[in-house]
Amino acid sequence: MIYAMIVVYNKECIDSETIKSIIKWKNQIQLVVFDNSTIQTNNEEYCRNKGIKYFTIGKNAGLSKAYNYVINNLPLDENDYVIVLDDDTELTEQYVEEVLQNIREMEETPVTLVNLHEKEPQEKAEPKADIPLNNLAETITKAVTDSLK
C-alpha cells in the first residue's frame, strides 16, 4: 500500500492544495491526514466522507510527532510506502504518475523506523516496521525536477 501523509494546521482539508491535487489517486494511494489544528475545523467529517484516514490528538503536536504518530498507528508492513507531504503543495499529475511508477519499479530495500519520542531511554530500540523506501527521496526529487521542465 502507498500512503500519502499530509499534516494540516488550522486549515480545512477542503482548502488544502495537496489534498485537492492528489485525491483523484485515492484508489492507488491511501490518503492520511494528521490534523495539527488548534481551531475548530470540519476535517474529520471531510476525511470520513472522502475515505481519507484521519488522525488528531486535539492540539498542535509539531511535525515530527505528527509523522511518528501516523507511522505508529498505520498498519504498515514491509511492502508499504509512506510519502510525507505538507498541506499547501500542488502536485502535478505527471509528478504523481512518476512517483507511482517509480515505486512500482523499485527494488526492495528495508528501512527500519523506530519510535523516536520514547519517554524512557531504551538499551536497544525495537523497529516499529520495515518499509521498503529504496531511494524514495531521490525518486521524488527526480520526479519533481522532471515535472518542472
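Q: What makes Phe55 count as buried?
A: Its relative accessible area is 14%, and buried means under 20% (exposed is over 50%, partly exposed in between, with a 1.4 Å probe and protein chains only). So Phe55 is buried. Keep in mind that this is a predicted model, where local features need pLDDT of at least 70, side-chain atom pairs count only at pLDDT 80 or more, and totals for chains, interfaces and linings use all residues. Residues are numbered from 1 along each chain as its sequence is written, and side-chain values use heavy atoms, with hydrogens and water left out.

Q: Why is Phe34 called buried?
A: Phe34 has 0% relative accessibility, so it falls under the cut-off for buried.

Q: Why is the pair of Phe55 and Tyr69 edge-to-face?
A: The ring centres are 5.9 Å apart and the planes sit at 75°. Rings of Phe, Tyr and Trp (its six-membered ring) pair if their centres lie within 6.5 Å; planes under 30 degrees apart are stacked, over 60 edge-to-face, the rest tilted. So this pair is edge-to-face.

Q: What makes the pair of Phe55 and Tyr69 a tie between parts?
A: Phe55 belongs to strand β3 (residues 53-56) and Tyr69 to helix α3, so the pair links parts 14 residues apart in sequence.

How values were computed:
Helices (H or I, at least four residues) and strands (E, at least two) are DSSP runs, numbered from the N terminus.
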